[in-house]
Amino acid sequence: GKDKVTLLPVRDDYAEHIIRDRINIIDWVNLAGGNLYDISKLEERIVAGLGKGIAIVVLQKGKGAESGRGGQFAVDYTQVEFLLDPLGQYETRLTVGYVKESTKRISGRCFGFGIKDGVKIINWREIEKCRVCGTTGFKGGKMCDDCTGFGYRDKVLDTPTY
């Protein structure tokens, strides 16, 4: 019946709306085209206001780009970076980018998933780059049989997990 979140129509004063010691989701940051390096300064102001809180900051990412707008400056104050790209027509690829601290290798790992009913994550699995076509989806001018044209395939675990 009632919203459990507060939605604010924030345009460019993101850091001033941070609620200390809470989860803050900023969807999405839009910086002027020539000043994308300013993302680092904005993230610094956001982090300064968090206390024990968390900020989830959503940046746009160009098709095929390796990182969000702002490039290397976007991870100056980032603890974890997730990159989202299409995986075929109906699914999404999540790549774990920069991770500030981890107990085992996580950066660079990829996961595929779909969305059902607008909110349900389905078919979550680890995927890997296709070794046959090198993520192009094509081999010898034809669709790659190994990845069925996606450029990624479900990862085959070398050792069983219990």
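Figure 1. A search of the whole structure, a predicted model, finds 0 disulfides. Two cysteine pairs show why. The sulfur of Cys-144 has its closest cysteine sulfur in Cys-130, at 3.7 Å, which is too far for a bond. A disulfide needs the two sulfur atoms within 2.5 Å. Cys-144 is buried, because its relative accessibility is 1%. For Cys-147, the closest cysteine sulfur belongs to Cys-133. That distance is 3.7 Å, so it is too far for a bond. Cys-147 is buried, at 2% relative accessible area.

Figure 2. The whole structure holds 1 cavity of 30 Å³ or more. Trp-28, Val-29, Asn-30 and Leu-31 are among the residues that line the cavity. Leu-36, Ile-39 and Leu-59 also belong to the lining, as do Gln-60 and Arg-69. By class, this lining has 6 nonpolar, 2 polar and 1 charged residues.

Figure 3. Arg-131 sits in the loop between strand 6 (120–129) and strand 7 (138–139). The residue is exposed, because its relative accessible area is 68%; the cut-off for exposed is over 50%. The Arg-131 side chain makes a polar contact with the side chain of Glu-128, at 3.3 Å. Leu-8 lies elsewhere: from C-alpha to C-alpha, Arg-131 and Leu-8 are 45 Å apart in space. In sequence they are 123 residues apart.

**Figure 4. The largest pocket.** This pocket has a volume of about 1400 Å³. It is lined by 49 residues. Closest to the pocket centre are Glu-81, Phe-82, Leu-83, Leu-84 and Thr-95. Several elements each supply at least two lining residues, among them helix 1 (39–48), strand 2 (54–59) and strand 3 (80–87). Strand 3 gives the most, with 7 residues. The lining divides into 24 nonpolar, 12 polar and 13 charged residues.

**Figure 5. The second largest pocket.** The volume here is about 630 Å³. The lining of this pocket consists of 19 residues. Those closest to the centre are Thr-6, Leu-7, Leu-8, Ile-25 and Ile-26. By class, the lining of the second largest pocket has 12 nonpolar, 4 polar and 3 charged residues.

Notes
Residues are numbered from 1 along each chain as its sequence is written. This is a predicted model: local features need pLDDT of at least 70, side-chain atom pairs count only at pLDDT 80 or more; totals for chains, interfaces and linings use all residues. Side-chain values use heavy atoms; hydrogens and water are left out. Buried means under 20% relative accessible area, exposed over 50%, partly exposed in between (1.4 Å probe, protein chains only). On a 1 Å grid over the protein atoms alone, a cavity is a set of points where a 1.4 Å probe fits but cannot get out, and a pocket is an open set with protein on both sides within 12 Å along at least five of seven lines; lining residues have an atom within 4 Å of a point. Grid points are joined across faces, edges and corners, and a volume is the space filled by probe spheres set on the points. Ala, Val, Leu, Ile, Met, Phe, Trp, Tyr, Cys and Pro count as nonpolar, Asp, Glu, Lys and Arg as charged, and the others, Gly among them, as polar. Helices (H or I, at least four residues) and strands (E, at least two) are DSSP runs, numbered from the N terminus. A polar contact is a pair of N or O atoms within 3.5 Å; within protein, one must be able to donate a hydrogen and the other to accept it, and residues adjacent in sequence count only if both atoms are side-chain atoms.
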